[in-house]
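Trainee: Could you walk me through this one? I have just opened it and would like to know where to look.
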Amino acid sequence: MKIDVAYVAELARLELTDEEKSVFQPQLENIVKYVDMISKVDVEGVEPMMHGRAIVNAFREDIVRPSLPTETALKNAPQRVGDEFLLPKIVEGAES
Amino acid sequence: MELFKLGIKEAQEGLAKGEFSSSDLVKSIIERYHAKNDEIGAYLTFDEEDALRLAAENPKAVPIAIKDLINVVGQPCTCASKILKGYISPYDATVIKNLKASGFIPCGRVNMDEFAMGSSTENSGLGKTRNPYDLTRVPGGSSGGSAAAVGGNMCIAALGTDTGGSIRQPASFCNCVGIKPSYGRVSRFGVTAFASSLDQVGPMTKSVEDSAILLKALAGHDEMDGTTPRIDVPDYAKEIEGASMKGLKIGLPKEYFIDGLDPEVKRITDEAIKKCASAGAEIVEVSLPHTEYAMAVYYIIAPAEASANLARFDGVRYGHRSAASKDVFTLYTKSRAEGFGPEVKRRIIMGTYVLSSGYYDAYYGRAQRVRTLIKRDFDEVFTKVDALLTPCAPTPAFKLGELQDPLTMYLNDLFTIPSALAGVCASSVPAGFTAAGLPVGVQFICGGFEESKLLSVSKAFEDIVK
């Protein structure tokens, strides 16, 4: 199976330069070729292991607790207006 | 007195006797930092004022260097990535809270491969770290800053994280003890996630006893991390008292003793086996038949989980935001393009690929099934032996810039990945030096939540090697 680096990068919301594309393409083809070896393992009837140990749902009491203060949560924001994160317009035609 | 040379145990004894204070320890580390960091580059940032303040408030506390992906309130947490340059943690990770509650304080931020992806710390986007035993060589990775700080006596002890070998391989390269705890033993709340089904925080120290003391402080149930069970944390330092090789059954997995092994690593490992045997351990050959697939499984599962975890870095709420973005789509694509380094980009693409429609079952789904087979190998072998002994890394520390091909770099983790996938615990313990003076560690592996046994066999080994 062949990996289309430019297409997958777009899925991952990652802009690549032409140079990156030409470097990554053979490197990733090589890695994919390597990991393809698992296709020969017989996994018939074997359950998938999702975690480092068998885990069932871990619940805790649903109690309201103080969360980070707004000012603290916004401290690392690249851009803000008042108590909100500032972003470019998302909805087409809406007023910004 | 050069206090920076002390380990945890000696520091605690000196503090208890009133021979020096926590401030004296921190001052000594700061002095050492100024003398050595330009050369070794173990630390990315060192907030001297904050370290001295914490030491003044906690005069009996032992300072610990912190890998730069663990959140400490008010401190930078960059994961050695340009995308998080300038980020200041709003809260303490659970491991930091646990440290503070047990007589430790965080002290300095140590370098790493960006987002813990790498085996040499060369993938750091923010600084270069050199091996304190040979400045032309890498310290290993991804916890290379932690290992260089411990091995170069630039701290008392450090915290690292291990996803596929990131504590153990650098510990081997820099002559430290490193423990990768069992999956679930230590909380990851507040630790920036790489591959969530694998990540663990662990101690990197100057002795096995120090690791036992530090692990006791770190471990335990945390309601903020659902993967941590309510299993009591033993007093590990007490558990390892009088540790001995006598009566222990140690397995040598034949799949780990491969032809390509570096001859010096082979010699040191063979000598380690002989020493264990003459100290009274019974040595048996065992087999972990699915070992050959472990690296392939890991390089599907870890990038898949990373691609999901790193989706949060989008330039919206924190981290780098591209000045060139025109709309939301380019805000994502350009912020990520400018912020992430090449290895992180490769793994995000690899992870997105194996999770994408049409490939999910063939790669991610299948890798999870093969992972079950790998885990079963370990379950089976630990019905027969107490511990496994293997080389830790296939080579001693290599030269800076020596490994250029990503897949060749990945091979560094050949011996540390299978136990990470199985979720069991493992250590790296110094075993000797090459003719050129490079340290080499061996790896011990024990079953899940068998840290007492792991630390005991590691201590017994340390005693016979010293």
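Mentor: Let us begin with strand β5 of chain B, residues 177-180, where Val177(B) and Ile179(B) point one way while Gly178(B) and Lys180(B) point the other way, and all of them are buried. Please keep in mind throughout that this is a predicted model.

Trainee: Okay, and which strands does β5(B) pair with, and in what sense?
Mentor: On one hand, β5(B) is joined by two bridges to strand β6 of chain B, residues 200-205, and the two run antiparallel; within that pairing, Val177(B) has Thr205(B) as its bridge partner. On the other hand, β5(B) pairs with strand β10 of chain B, residues 425-433, over three bridges, again in the antiparallel sense, and there Gly178(B) stands opposite Ser428(B).

Trainee: What sheet do these strands belong to?
Mentor: They belong to an open sheet of 11 strands in chain B, with mixed pairing, and the order is β1-β3-β2-β4-β6-β5-β10-β11-β9-β7-β8. The edges are taken by β1 (43-45) and β8 (282-286) of chain B, each of which has a single partner strand, so one side of each is left without a neighbour in the sheet. Direction ignored, neighbouring strands of this sheet are turned by 35° against each other on average.

Trainee: What about β4(B), is it buried or exposed?
Mentor: Strand β4 of chain B, residues 158-162, is mostly covered, since five of its five residues are buried. Ala158(B), Gly160(B) and Asp162(B) point one way from β4(B), whereas Leu159(B) and Thr161(B) point the other way.

Trainee: And its partners, which way do they run?
Mentor: With strand β2 of chain B, residues 62-67, β4(B) pairs in the parallel sense over two bridges, and Ile66(B) stands opposite Leu159(B) there.

Trainee: Switching to loops, where is Val186(B)?
Mentor: Val186(B) is found in the loop between β5 and β6 of chain B, and because it has 30 C-beta neighbours inside 10 Å, it counts as buried.

Trainee: What does Val186(B) touch?
Mentor: Leaving aside residues up to four places away in sequence, Val186(B) touches Val95(B), Pro181(B), Gln200(B), Val201(B), Gly202(B), Leu218(B) and Ala219(B). The C-alpha atoms of Val186(B) and Leu218(B) are separated by 6.2 Å, although the two residues are 32 residues apart along the chain.

Trainee: At what angle do α2(B) and α3(B) pack?
Mentor: Helix α2 (residues 22-40) and helix α3 (residues 48-57) of chain B pack at an angle of about 160°, with their axes 8 Å apart. That makes α2(B) roughly antiparallel to α3(B), and α2(B) passes α3(B) in a right-handed crossing. The contact is made by Ser22(B), Ser23(B), Val26(B) and Ile30(B) of α2(B) together with Glu48(B), Ala51(B), Leu52(B), Ala55(B) and Ala56(B) of α3(B). By class, this contact has six nonpolar, two polar and one charged residues.

Trainee: Last topic: how many residues of chain B are in contact with chain A?
Mentor: There are 54 residues of chain B in contact with 45 residues of chain A. On the chain B side, the elements giving two or more residues are α10 (294-309), α11 (328-339), α12 (342-355), α13 (361-381) and α14 (406-410).

Trainee: Which of them gives the most, and what classes of residue are there?
Mentor: The most comes from α13(B), with 10 residues, and the residues of the side of chain B that touches chain A divide into 27 nonpolar, 15 polar and 12 charged.

Notes:
Residues are numbered from 1 along each chain as its sequence is written. Chains are lettered from A and ligands numbered from 1 in the order in which they are written. This is a predicted model: local features need pLDDT of at least 70, side-chain atom pairs count only at pLDDT 80 or more; totals for chains, interfaces and linings use all residues. A residue is buried if 20 or more other C-beta atoms lie within 10 Å of its own, exposed if 12 or fewer, and partly exposed in between; C-beta atoms are placed from the backbone. Helices (H or I, at least four residues) and strands (E, at least two) are DSSP runs, numbered from the N terminus. Two strands pair if DSSP finds at least two bridges between them. Axes are lines fitted to C-alpha atoms, for helices over the stretch in contact, and angles run from 0 to 180 degrees between N-to-C directions. Two residues are in contact if their C-beta atoms, placed from the backbone, lie within 7 Å. Ala, Val, Leu, Ile, Met, Phe, Trp, Tyr, Cys and Pro count as nonpolar, Asp, Glu, Lys and Arg as charged, and the others, Gly among them, as polar. Angles under 35 degrees count as roughly parallel, over 145 as roughly antiparallel, 65 to 115 as roughly perpendicular and the rest as oblique. A crossing is left-handed if the near helix is turned anticlockwise from the far one by less than a right angle, and right-handed if clockwise.
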